[in-house]
Amino acid sequence: AGSSSDLDPHKILEGLSMINKNFIDTLAKWGIRAESALGQQFDTQKHMAISKIAAGDSAPGTVVSELKKLYFYKDKILRVAEVVVASE
């Protein structure tokens, strides 16, 4: 059995962050990258609207939440982003 220091949440989070960074770096070597849609104008080519919400501080048609990121392979879209869009 491990000691209680093995279960330190900060060390676990740090380890998971390192694994995530290595995974993203590996994908980048193969030409795969993610792009955030937050704050962008809704684009039917890159985004799929899952929902609309009234967002007083955001212009209508702006992506206010992202459920799944947009992924590219080189310049081709692998997966569109699933987003929530500000309504009027």
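## Strands and a nonpolar core

Let's start with two strands: β1 and β4 run antiparallel and are joined by four bridges. Strands here are DSSP runs of E with at least two residues, numbered from the N terminus, and two strands pair if DSSP finds at least two bridges between them. Keep in mind that this is a predicted model, where local features need pLDDT of at least 70, side-chain atom pairs count only at pLDDT 80 or more, and totals for chains, interfaces and linings use all residues. Residues are numbered from 1 along each chain as its sequence is written, and side-chain values use heavy atoms, with hydrogens and water left out.

**The three-strand sheet**

- β1 and β4 belong to an open sheet of three strands, which has the order β1-β4-β5 and antiparallel pairing.
- At the edges sit β1 (32–35) and β5 (76–79), each pairing on one side only.
- From one strand to the next, the twist averages 40°; for this, axes are lines fitted to C-alpha atoms, and angles run from 0 to 180 degrees between N-to-C directions.

**Around β6**

- Strand β2 (residues 47–54) pairs with β6 in the parallel sense, over seven bridges.
- Strand β3 (residues 63–68) also pairs with β6, but in the antiparallel sense and over four bridges.
- V83 in β6 is a handy landmark: A49 stands opposite V83, and V83 is the bridge partner of E66.
- β6 is mostly covered, with six of its seven residues buried. Buried means under 20% relative accessible area, exposed means over 50%, and partly exposed is in between (1.4 Å probe, protein chains only).

**The nonpolar core**

- The largest nonpolar core has seven residues: A37, V63, L70, F72, A81, V83 and V85. Such a core is a set of buried Ala, Val, Leu, Ile, Met, Phe, Trp, Tyr and Cys residues joined through side-chain atoms within 4.5 Å.
- β6 gives the most, with three residues.

- V63 touches A37, L38, G39, Q40, F42, H47, V83 and V84, leaving aside residues up to four places away in sequence. A contact means heavy atoms within 4.5 Å.
- H47 lies in strand β2, and H47 counts as buried because its relative accessibility is 4%.
- Not counting residues up to four places away in sequence, H47 touches several residues, including V63, A81 and V83.
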